[in-house]
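Student: I want to learn to read side-chain contacts from coordinates. Can we work through one case?

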Amino acid sequence: MVLNFPDSAEKLALLQTRRYRVCGIVQGVGFRPFVHRLARTYNITGWVLNDSEGVLLELQAPLDAIKNFITELEIDPPPLAKIIDVFEVQVDEVAPNYQSFDIRKSQDLANMDTIIPPDSNVCEDCLREMRDPGDRRYRYEFINCTNCGPRYSIILGMPYDRSKSTMRSFAMCPECNREYIDIEDRRYHAQPNACRTCGPHLQLTDKSGNSIITDDVVRYVISKLREGAIVAIKSLGGFHLVVDASNEAAVRELRRRKHRDAKPFAVMVANTLSAARWVLINEHDKELLESVQRPIVLLRKNPEAISLLEEIAPRNPNLGVMLPSTPLQHLLLEDRSLPVLVMTSGNLSGHPIVFENTVAIEQLGEIADYFVLNDRDIRTRVDDSVVRGIVREGKDVPQVFFLRRSRGFAPYPIHLPYSVGSVIALGAELKTTVSISKGKQVFISQHIGDLKNDATFQSHIDCARHMQDLLGVKAKTLACDLHPAFRSTRNAVEQSDIRVVQVQHHHAHMVSCMAENGLSGQTIGVVFDGTGYGTDGTIWGGEFLLGDAEGFIRVGHLRPMLLPGGDKAVKEPIRIAISLLIEAFGENLTKIDIPAINDLSEQRREIFSKMVIKKINSPTTSSMGRLFDGISSLMGICTEVEYEGQAAIEMEAILQRDFHMTRPFEYVVENNENCLVVDYRPLVKELVHQLSQPIPDIAGLSRRFHSTIVDIICEVCLRLIKQYGIKQIVLSGGVFCNEFILVNTLHSLEAHEIKSYFHQLVPTNDGGISLGQVVVAAAQIKRSTQHNNGD
């Protein structure tokens, strides 16, 4: 539309001048050229620039044109932009009569208040060019533009500019530079812009790091994968270990070399049509797979492919599937004889994903046969995100559920309805993340991992420092877990130049769920997980809390049990099974006749029993996660654990994602000094009786156990609602990764007209706990300040 205005004073009378602020992910995503083109469409003059708070623009045109401009800007921004807010800024000075629309030089960016853009998958425009033999970037493995490519993983500092990214090592050739400075070009100010002449290149080596010369690295690697080789490939945020998923021998060899016998592998396929050969996909799953974040999506295995997929994801009805997110991955999957690849994190067990070339060869040389390296450095390692679509009756659209929030999502913030100042939170010990608050925003880091080795802990510290630098935040408060043995806690309490707030683990879980759902006020928190240090010095994990961000009281919990051997019981849940039997039947177990106990050597049975009876190295816990482990072991499903949650995961897997409830086992809820205690001993007795039958129905017993946990949650919540008059309930903790428990708990509470909330923006496991720590620390400081001021 072209607007023709009179050349007289009448023209000025028609014009309005308005200034607007745009907040969100609006830098480094092609926002200013987008605004420039949109202004031309509506015949608007004025200017746009980047500054510390995001994007500022001044528009001069008739009011209708300005309104239409703002509407289109909000509803159809550039692909990687994410607008949080657009609001008008009052201007005191009289605006000149603008003759054009200009992109102005960025103003002082010393105090950044914009959002760091996450990494993104390669866009369709770039893929078309990459596949076009006539294009100068034909088959170029690092093709990108303003609408796609690396961001967070390569940023050294803010504002996001090539000189402050790892692309500063590559000087653009004249052709790339012409694109970079041309406002009409799709690569205008695309900081990773490059081509084969001036940009990064692949390097192929053997397992020792010796270069292999070949005309086409990609086709060479494809041929080796088809032969059964294991290849370590440097990707956007770190290395993947890759094999042909249809080659069972290659998958078994990867398991052997990586010492990973049972934990499922993720796979990568070219597109959703190809994925349908291996898994069952609905429209929502398709949207998740094809989203710009390109996460791993947990999907139900296709029954016709079960035999092949059993080696990839043993004893699991689900398979983690992702689509290519980088140009190189698209090229690897172009050969139809290689339709599906195992694509698992390139790391040693318990260590963070490797992201540096030399370290990759050192650490993965005993696993990989070949390495595909490149000379574009990664500043920040970023693992793949893992999500699942939760399907619930009565809901038109499945709800997204995070198991790991990382590439494509981090470090995008959670927006709160209240300010939490500047707090840095260190998370927990497992699946840890770092959170940093800035006013009403809490920026959550990528998945870092388990802080049980020096490499991961150093990555944790580096992440905290780097995020503060990028955000321009100097945190005034440091929040950490209450557990005195956690490395992050020990490190935090040693700090002398910052205020430290220790936050109880389950309180942080509860408040994390409250925060992402925008809740405040008194809340009942159902927090079930494996381990959390309680205020009484014991290990909690089956908790019903009542409180808010400022504090809580423990109003219910699972009856405590003993863990013979402490952490060893987590690895060998048969120890927990013995503890449960002694709790239920007393010290004499000679009459217990079930396979799981009969298969245990008499010596081990006696040792574990004696440890429980005499309380030798057997700490107390109320952990629901440990109850799952013990029951799984009693059923003979999983008596030894390779990865966290395996016993519970395999017990849930038997249900085959069929969510129908059944008759629960017996249990008792006792009121002990105004605290409801769930006694599981009747459950154990009934289970053992069923297991002693000639052919016990293990799948049916698993369903009854799961149904019992749902019943317990509803029963205790109803009692607490009656006692305290509070109907706001949140569900958090790793146990709620169990789809059967989560879906049926939501349904059961809704059947009683009780609205409950769960996690959809951060993981319900410990990956989301740093968010809760931020909010709790801020609330406690505010309360302390008010108290000191006499308010």
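Tutor: Start with a cluster: ring pairs link F528, F544 and F736. Keep in mind that this is a predicted model.

Student: How are the planes of F528 and F736 arranged, stacked or edge-to-face?

Tutor: Planes under 30 degrees apart count as stacked. The planes of F528 and F736 are at 15°, with centres 5.8 Å apart, so this pair is stacked. The partners are 208 residues apart: F528 is in strand β22, F736 in the loop between β29 and α24.

Student: Are F528 and F736 buried or exposed?

Tutor: F528 is buried, at 0% relative accessible area. F736 is buried too, at 1%.

Student: How many aromatic pairs does the structure hold?

Tutor: Eight. One of them is Y220 with Y370, edge-to-face, at 6.1 Å centre to centre and 80° between the planes. Y220 lies in helix α6 and Y370 in strand β13, so the pair ties together parts 150 residues apart in sequence. Y220 is partly exposed at 23%, whereas Y370 is buried at 17%.

Student: Which charged ends sit over rings?

Tutor: The charged end of K82 sits over the ring of Y412, 4.2 Å from its centre. That of K755 sits over Y757, at 5.1 Å from the ring centre.

Key: Residues numbered from 1 in each chain as written. Predicted model: local features only at pLDDT ≥ 70, side-chain atom pairs only at ≥ 80, totals over all residues. Heavy atoms only, no water. Phe/Tyr/Trp six-rings, centres within 6.5 Å; stacked < 30°, edge-to-face > 60°. Helix = DSSP H or I, 4+ residues; strand = E, 2+ residues; numbered from the N terminus. Buried < 20%, exposed > 50% of the residue type's maximum accessible area, 1.4 Å probe, protein only. Lys NZ or Arg CZ within 6 Å of the ring centre and 35° of its normal.
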